[in-house]
Amino acid sequence: MSETTGASYAAASYKTAGVDIEAGDRAVELMKEWVKKTQRPEVLGGLGGFAGLFDASALKHYERPLLASATDGVGTKVDVARQLGVYDTIGHDLVAMVMDDIVVCGAEPLFMTDYICVGKVHPERVAAIVKGIAEGCVLAGCALVGGETAEHPGLLGEDDFDVAGAGTGVVEADRLLGSDRIRSGDAVIAMAASGLHSNGYSLVRHVLLNQAGLSLEARVEELGRTLGEELLEPTKIYSLDCLALTRTTDVHAFSHVTGGGLAANLARVIPDGLHAIVDRSTWTPAPIFDLVGRTGRVERLELEKTLNMGVGMIAIVPEDSADVALTTLADRGVEAWVAGEITDRGEHTSGAALVGYYAG
């Protein structure tokens, strides 16, 4: 036997290579109680199978069911959770990023799967992440039918992790929402964000943590709490609120305000020939947005195209339905207001500076 393969090496195993199967099994046991809380009657089987099962016969009452799917992650917000050792809120962000994309077309969220990648499995930590995902699924009205926890030693540090997920929803074909329904004169209704949500954290972390050297544990008076608490505020989940609107009003379209900011995301649903004019004077962004802009000397346009600036979801409804829509949202505890209108492109040739900006 050559010196390079000498018998002095200890016997290798998956565990000595950094993967602890027993810890993974323990994590599954700890997360089961939270997954159960998300169950819908259409879900078959339990956690631990190779695939999650959903009884599609539940869709038979649809005339022409369209399945909607989306996938997303949480981004670098997970690093804030890691630094603070807080793992039970990041799952809310994941569900919001996936299911609020699905509901934009009018689809009811049905089920979701997750993927958790870690450097080392800490069972209680993984279970806390799943707890947050399960709680988010309850808020979105969907089931968590399965997932995967992967241990990547050597690629990730022991405390490093990332999360991603995919979801499925359903909408009746003739109830599908989108740009083809939007008309000139429609009202643009804004729904308040709970905070930064889960976008733009590369900029936020660069400005506040790297450049300014602020501590996550430090209390920031203008925020009324610690910086870490502000940055980990869970993303608002609008799925059931949006579905409630579709039952009480003739909603034409929704726009989920994520990466790219309000204008870019709203423009995605505006048809050719129309503008969405949003009046920035109709709301005041929360202090965190000003803190990021002021501290990093970030230009206003850069803030607008990176962060949600206080608006997490947009509904476009006929003008005469705006009051009903606002009442519906208020009854559900959602802060909302008329932020603008849809117009023909030729109606406002120089109004952007006065009202804020166009989309479309």
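Asp241 is buried, with a relative accessible area of 4%, where buried stands for under 20% relative accessible area, exposed for over 50% and partly exposed for the range in between (1.4 Å probe, protein chains only). Its partner in a salt bridge is Lys236, with the closest N and O atoms 3.6 Å apart; a salt bridge here is a side-chain nitrogen of Lys or Arg within 4 Å of a carboxyl oxygen of Asp or Glu. Lys236 counts as partly exposed, at 24% relative accessibility. The model is a predicted one, in which local features need pLDDT of at least 70 and side-chain atom pairs count only at pLDDT 80 or more, while totals for chains, interfaces and linings use all residues. Residues are numbered from 1 along each chain as its sequence is written, and side-chain values use heavy atoms, with hydrogens and water left out.

The structure holds 17 salt bridges. Among them is the one between Asp159 and Arg125, whose side chains meet at 3.0 Å, N to O. This pair links distant parts of the chain, since Asp159 lies in the loop between strand S5 (143–151) and S6, and Arg125 in helix H4 (residues 123–140), 34 residues apart; helices (H or I, at least four residues) and strands (E, at least two) are DSSP runs, numbered from the N terminus. Asp159 is partly exposed, with a relative accessible area of 38%. Lys305 and Glu302 form another salt bridge, the closest N and O atoms being 3.5 Å apart, and here Lys305 is partly exposed at 48% relative accessibility, as is Glu302 at 33%.

Tyr87 lies in the loop between helix H2 (77–84) and helix H3 (90–102) and Phe161 in strand S6 (residues 161–172), so the pair ties together parts that are 74 residues apart in sequence. Both Tyr87 and Phe161 are buried. Trp283 and Trp337 form a tilted pair, 5.8 Å centre to centre with 40° between the planes. Trp283 is buried, with a relative accessible area of 9%, and Trp337 is buried at 12%.

Notes. Phe/Tyr/Trp six-rings, centres within 6.5 Å; stacked < 30°, edge-to-face > 60°.
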